[in-house]
Amino acid sequence: MPLSALRTVVSNTGPLISAFQSNRVDILLQLYDLIVIPDSELAEFKKHGATKEINKLIEAETVVVHALTDTEKTIAKEISEAIASSRHTKDKIAMHHYPEAEAMVLMNRPSLSVQEILLDELAARDIAKQRRIPVIGFAGVLIRACQRGLLSAEAIRDSLTLCQKLRNTLFYQFYCRSL
Amino acid sequence: MKKITAHEPQEELLSVEDAFADARNSDMRWQAFDAEQGRKRIFIELPEPLYQTLERLAKQQQQSVPTFVERIIHNLVTTFAPAK
C-alpha cells in the first residue's frame with residue numbers, strides 16, 4: 001500500500017500517554033494506520049514510564065519515529081518559543097515545549113502525507129491553529145470512536161477518568177450530559 | 001491501571017466544545033480522505049470462534065481487526081487477481 005493511502009497522523013506525547021493509561025491504544029489502531037512521532041518524544045515516554053508501551057508499537061511498525069533535519073530543528077525551536085509565550089501555558093521554558101514543536105514540523109513533510117496531529121495542550125493547539133495545522137485531542141478521538149460505534153459513552157467516561165483528563169467535576173458532568 | 005504518569009498535568013486542556021469540534025472536523029477530514037482514496041466500506045458478520053481468532057491474531061500484530069482483515073483481503077486479491 002503506498003504511504004499516501006495510509007491514514008497517517010503525527011502524535012504528541014500526551015495523547016499516546018493517555019491511550020496507554022486508559023488501555024485504549026486499540027481505538028487509535030482502529031482509526032489510524034500509522035502514527036508518526038519525532039525522536040525527541042522518546043525521552044518523554046521514558047520520563048513517564050511508558051518506554052515499554054511505545055517500543056511495542058514501534059516494533060509493530062504502528063508508530064514510526066522520525067528525526068528532524070537541522071533546518072526543521074530551527075523551525076521547531078521557533079515554534080517552541082511561540083508555545084512558551086502563549087497565555088495558555090504556565091511553563092515559559094521553550095525547551096519544555098520542544099517535542100510538540102517537532103511534531104508540528106513533521107506535519108509539514110509532504111512525503112509523510114499526514115492528515116492531522118494528536119495534541120491536547122491548549123498552548124500548543126493555539127499555535128498549531130495559527131499555522132493552519134489540523135488538530136485533534138485525545139478526547140476528540142474517543143468521541144469520534146463513539147460516533148462510529150467503536151466505543152460507548154460510558155467507555156469514554158471511564159477512559160477519560162483513567163487518563164486523568166478530567167480533573168474537574170463540572171467538566172466531568174458536562175461530558176456525561178453531552179454524550 | 002498501568003503506572004504511567006500523566007503528561008503535563010499542570011497545562012490547560014481543551015474544553016468540551018473543543019473536543020466535540022475536534023471530532024466533527026476530524027471526521028470531515030477523514031471522509032474527504034477516504035473519498036480521495038476511493039475507499040469503500042463493507043460490513044461483514046463473522047461467526048465465533050472466527051472473529052475471536054482474527055482478534056487474537058490482530059492483537060499479536062498490534063493491529064485492529066479491520067486493518068488486519070483489510071491486509072488479508074489485499075494479499076488475497078494480489079495473489080489471485082494480480083494487476084496486469
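This is a predicted model: local features need pLDDT of at least 70, side-chain atom pairs count only at pLDDT 80 or more; totals for chains, interfaces and linings use all residues.
Which are the buried residues of α8(A)?

1. The buried residues of α8(A) are Phe138(A), Ala139(A), Gly140(A), Val141(A), Leu142(A), Ile143(A), Arg144(A) and Ala145(A). Because eight of the 10 residues of this helix, which spans residues 138–147 of chain A, are buried, α8(A) is largely enclosed by the rest of the structure. Those buried residues pack against α1 (13–21), α2 (25–31), β4, β5 and α9 (153–162) of chain A, and α1 of chain B is also among the elements they pack against. After α8(A) comes Gly149(A), for which phi is positive, near 80°.

2. The sheet of chain A is open and consists of five strands in the order β3-β2-β1-β4-β5, with parallel pairing. Its edge strands are β3 (63–66) and β5 (135–136), each of which pairs on one side only. In general terms, the strands of a sheet pair through backbone hydrogen bonds, in either a parallel or an antiparallel sense. Within this sheet, β1 (residues 8–11) and β4 (residues 114–118) of chain A are joined by four bridges in the parallel sense, and Ser11(A) has Leu118(A) as its bridge partner in β4(A).

3. If neighbours within four places in sequence are left aside, the contacts of Ile79(A) are Ala101(A), Met104(A), Val105(A) and Ile127(A). One of these, Val105(A), is 26 residues away from Ile79(A) along the chain, and the C-alpha atoms of the two residues are separated by 8.6 Å.

4. Chain B contains three helices and zero strands, so that its elements, read from the N terminus on, run α-α-α. Of the 84 residues in chain B, 14% are buried. Helix α3(B) is hardly covered, with a count of one buried residue among its 16 residues. From its first C-alpha to its last, α3(B) reaches 22 Å, which is close to the 22 Å expected at 1.5 Å a residue.

5. The packing of α2(B) (residues 50–60) on α3(B) can be described both by geometry and by composition. The axes of the two helices come within 9 Å and cross at roughly 95°, and α2(B) and α3(B) are therefore roughly perpendicular to each other. On the α2(B) side the residues that take part are Leu54(B), Glu55(B), Leu57(B) and Ala58(B), and they meet Val65(B), Phe68(B) and Val69(B) in α3(B). Sorted by class, this contact has six nonpolar residues, no polar residues and one charged residue.

6. The contact between the two chains takes 45 residues from chain A and 32 residues from chain B. On the side of chain B that touches chain A, α1 (16–37) and α3 (65–80) each supply at least two residues, and α1(B) gives the most, with 11 residues. The residues on that side of chain B divide into 13 nonpolar, 11 polar and eight charged.

Terms used
Residues are numbered from 1 along each chain as its sequence is written. Chains are lettered from A and ligands numbered from 1 in the order in which they are written. Two residues are in contact if their C-beta atoms, placed from the backbone, lie within 7 Å. Ala, Val, Leu, Ile, Met, Phe, Trp, Tyr, Cys and Pro count as nonpolar, Asp, Glu, Lys and Arg as charged, and the others, Gly among them, as polar. Two strands pair if DSSP finds at least two bridges between them. Axes are lines fitted to C-alpha atoms, for helices over the stretch in contact, and angles run from 0 to 180 degrees between N-to-C directions. Angles under 35 degrees count as roughly parallel, over 145 as roughly antiparallel, 65 to 115 as roughly perpendicular and the rest as oblique. A residue is buried if 20 or more other C-beta atoms lie within 10 Å of its own, exposed if 12 or fewer, and partly exposed in between; C-beta atoms are placed from the backbone. The expected span of a helix is 1.5 Å times one less than its number of residues.
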